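I opened this notebook to record, entry by entry, what I looked up in one protein structure. The entries follow the order of my reading.

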Amino acid sequence: MEKRDYYEILGASRDADASTLKKAYRKMAMKYHPDRNPGDAEAEARFKELNEAYEVLSDEQKRAAYDQYGHAAFENGGMGHGGMGGMGAGGFSDIFEDLFGDFMGGRRGGGSSQNRGSDLRYNMEITLEEAYHGKETEIKIPTSVECDSCEGTGAAEGSAPVNCGTCHGHGKVRAQQGFFTIERTCPTCHGQGRVIEKPCTKCRGQGRVNKEKTLSINIPAGVDDGNRIRLSGEGEMGLRGGPPGDLYIFLTVADHRIFQRDGQNLHCRVPIPITTAALGGDIEVPTLDGARAKVSITAGTQSGRKFRLRGKGMPIMNSSENGDMYIHTIVETPVNLTKRQKELLREFEEEGKGAHNPESEGFFSRVKDFLADLKD
């Protein structure tokens, strides 16, 4: 049976560029893919035919031979395709690569994306004040940078990497095993697509050397414990001209001796004299910006009562607002009393027998109910 013209199969003109051919192939392959046409022998045949046509026309050398000699270019031991209707080098893997081939950096091996350098991690501890105000600082990290001798190529001066003779620059090799075409990383160039015959003596062919790098870091106000800062392209340099990875700075905010942080809010435990708690009054408390704030204590304040200072908490990132600050009162009992102070307290006790003590009265009321329940 005479083979159909490859351009006709794809529905493309002979002067179509590579992009147009690929679009035409994708459209037709999606139409006749076996998964979309289960049990349809005609669709399966068209699918194989499409694959064979695109395998030839997507290769510049094979396309040139086909344009000049037609199907005869691949007969009698010509350029050849292998079994299964000419799928060989294209195979089912080309279907997935060409239909979804832009995923993870394209279909061909040996690309610089495979040589991307590793990401680096740097742990940094900052104070709560630094987290409040933000901070600009410098860090030093041991990393890999481009070799200045070979400019990242890995090849000695006067030479250059050459295409791998095993995979012909593709970075992958294929083998036909019955119905399937198996693709694997080229064992010679390890997926690079190129080999270095004369490696650079400084970097030993890697295209990168170890070096300590100093970087300026800007820590924004409001960062929290566990936040990380990403510096794109400041990681380890890739092999032989590959792009660098990224640097991730993981932040730890140290505990503070006065303030406790809860998200964007701050908490502060403040002891107050028993007289201030009973009679009321004003106290001053520190704020994290270095100033002081006045808090009015109402008469009869008990331990554990919270007073809220709006906008005195941590800065909220990407915002002009701040969280709040909460003052937790601790009523302090005086110690080391003088004789006169003790006499005054005893007088106060006698005079205060009819006073209302909400905490103790509530507690002993609950105790009374508890004991009554036990007797029942």
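**Entry 1: The whole chain**

I began with contacts in the protein chain between residues at least 6 apart in sequence, and noted that 64% of them join residues at least 24 apart; contact means heavy atoms within 4.5 Å. I recorded that this is a predicted model, in which local features need pLDDT of at least 70 and side-chain atom pairs count only at pLDDT 80 or more, while totals for chains, interfaces and linings use all residues. Residues are numbered from 1 along each chain as its sequence is written, and side-chain values use heavy atoms, with hydrogens and water left out.

I then listed the secondary structure of the protein chain, which comes to ten helices and 15 strands. Helices (H or I, at least four residues) and strands (E, at least two) are DSSP runs, numbered from the N terminus. Of the 376 residues in the protein chain, 34% are buried; buried means under 20% relative accessible area, exposed over 50%, and partly exposed in between (1.4 Å probe, protein chains only).

**Entry 2: Helices α2 and α3**

At what angle do α2 and α3 pack? I found about 165 degrees between helix α2 (residues 18-32) and helix α3 (residues 41-57), with their axes 9 Å apart. Axes are lines fitted to C-alpha atoms, for helices over the stretch in contact, and angles run from 0 to 180 degrees between N-to-C directions. The two helices are therefore roughly antiparallel to each other (angles under 35 degrees count as roughly parallel, over 145 as roughly antiparallel, 65 to 115 as roughly perpendicular and the rest as oblique).

I noted the residues that make the contact: L21, K22, Y25, M28, A29 and Y32 of α2, and A43, R46, F47, L50, N51, Y54 and L57 of α3.

**Entry 3: Aromatic pairs**

I found three aromatic pairs in the structure. Rings of Phe, Tyr and Trp (its six-membered ring) pair if their centres lie within 6.5 Å; planes under 30 degrees apart count as stacked, over 60 as edge-to-face and the rest as tilted. The rings of Y25 and Y54 are stacked, because their centres are 4.0 Å apart and their planes are at 5 degrees. This pair links Y25 in helix α2 with Y54 in helix α3, 29 residues apart. Y25 is buried, at a relative accessible area of 0%, and Y54 also counts as buried, at 6%. I also noted a cluster in which ring pairs link Y6, Y7 and Y66.
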